[in-house]
Structures are given as structure tokens and as C-alpha cells.
Amino acid sequence: MPIQIIWGNDTKSCENKIEKIIDSNISEQWKSFNLSKLDGNDENQVFKALEEIQNAPFGDGSRIILLKNNPIFNIKNDKFTSKFESSSQNIPDSTCLILFSVNKPDARMKTTKFLKKLIKSKKAFESSFNLPDMWDYESQIRYIEVVAENYNITLDENGAQAILETIGTESTKLDNEFKKALLYL
């Protein structure tokens, strides 16, 4: 669990994944001490996150450091690279670093190559959530059907098409409409 990489343009699904990790690992009584939410747009907060991941949690549960707008895998910065490589070797088992970005990690970056090694050794995990492209009609239909299945809603033959035409594939709108449908059902 030490490093979780979450990326994609489906921000609602990314946020749901992050909340699930936080809720299942942090003790509610110690949440204010063991949860740090930092912004990757500020270089100082990036270094703060890389320092904090080396600390064990207070009390029960795990410690989670969330770095939104993660620049480590998309912006070339040798200071980030060296600090990330050294810090990632000293993460306690009960501490987790969540790196969230809308952008896919750049495979040409040194940190991304290092990350691939961590993923292979099961010290890091990657999750991606992308909305289907506007031109890919079949993927949009499949996406709506999968979301419906997640809510245990069975769509009829033309249901996904009707939803696509009226709502689209934005995950927040779909979630809201399927929740309304569940209330109605």
C-alpha cells in the first residue's frame, strides 16, 4: 500500500477511489493527525509530502499523504526525482502516498521508470480512470452500461443510448442520475 498512483480525466471516479482508500485505512479518531492533503502546484508542498511519507501514523490505522496535481511524473525536476527515489525507500508499511493527477505519467521521465520498478515489486499500485472519447460511440455506450451495472441497474436495449443522448458520459452527472433512479426504483 505505500504508493498509490491515481490518474485520469474521470475526476469523479478518481476522487471515489481516493476516498475509498482513505476511509478503509485511516482510523476516524486519528484522521486529523494521519491525513495530509497537499497541492502539487506548490513545490514546497511536494517536498513536504515526500518528507511526511517517511513518518509512521499516530495512534490506530494508517497514515495517508495525498498529493493532488502531482508533478512528479509529468514535470522534469531533478530535485523531485532524487527526493522521490530516496523517500520511497523509507516508507513505513502503515503509511501511504497517493499521487493524483489528471495527466497520465510520462513514460519518458526518470521518475516514471523508477515507478514501474516499484509497481513490478508490488511497492506501488497504479489506477487509471478515463472517460471514453467523444468520437468513440461504442465505448461511451459500454461506459454507461458499466456505471449502470455498478448501481445494479439493468438497462433495456436502448437505455444506454437514451442516457448518452440526454446526459452524456460525465461521471458526476451519471452518478447523480443513477442515484435518482435508485430512489425511484
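Let's start out on the surface: Asn152 counts as exposed because its relative accessibility is 71%, where exposed means over 50% relative accessible area, buried under 20% and partly exposed in between, using a 1.4 Å probe and protein chains only. Before going further, note that this is a predicted model, in which local features need pLDDT of at least 70, side-chain atom pairs count only at pLDDT 80 or more, and totals for chains, interfaces and linings use all residues. Residues are numbered from 1 along each chain as its sequence is written, and side-chain values use heavy atoms, with hydrogens and water left out.

Asn152 sits in the loop between helix 6 (137–150) and helix 7 (159–166). Helices here are DSSP runs of H or I with at least four residues, strands are runs of E with at least two, and both are numbered from the N terminus. Most residues other than glycine have a negative phi. Asn152, though not a glycine, has a positive phi of about 60°. Lys122 is also not a glycine, and its phi is positive too, at about 65°. You will find Lys122 in the loop between helix 5 (110–120) and strand 5 (124–128). With a relative accessibility of 59%, Lys122 counts as exposed.

Now step back to the whole protein. It has eight helices and five strands, and along the sequence they follow the pattern β-α-α-β-α-β-α-β-α-β-α-α-α. The C-alpha atoms fill a box of roughly 55 × 40 × 30 Å, taken along the principal axes. Of the 185 residues, 43% count as buried. Contact means heavy atoms within 4.5 Å. Among contacts between residues at least 6 apart in sequence, 76% join residues at least 24 apart.

Which of its residues are buried? They are Val46, Ala49, Leu50 and Glu52. Viewed down the axis of helix 3, these buried residues fall within an arc of 165°, so they line one face of the helix; the arc is that of the directions from the helix axis to the C-beta atoms. The buried residues of helix 3 pack against strand 2 (35–39), strand 3 (63–68), helix 4 (78–88) and strand 4 (95–101).

Another buried residue is Ser127, with a relative accessible area of 13%. Ser127 lies in strand 5. Leaving aside neighbours within four places in sequence, Ser127 is in contact with Ile5, Ile6, Trp7 and Lys17.

Finally, let's see how helix 1 (residues 11–25) meets helix 8. Their axes come within 7 Å and cross at roughly 70°, which means that helix 1 is roughly perpendicular to helix 8, the word used for angles of 65 to 115 degrees. Lys12, Ser13 and Asn16 of helix 1 make the contact with Ser171, Thr172 and Asp175 of helix 8. By class, this contact has no nonpolar, four polar and two charged residues. Lys173 is also part of helix 8 (residues 171–184), and its relative accessibility of 44% makes it partly exposed. The C-alpha atoms of Lys173 and Lys12 are separated by 9.7 Å, although these residues are 161 residues apart along the chain.

Note on methods: Axes fitted to C-alpha atoms, helices over the stretch in contact; angles between N-to-C directions. Parallel < 35°, antiparallel > 145°, perpendicular 65-115°, else oblique. Nonpolar A, V, L, I, M, F, W, Y, C, P; charged D, E, K, R; others polar.
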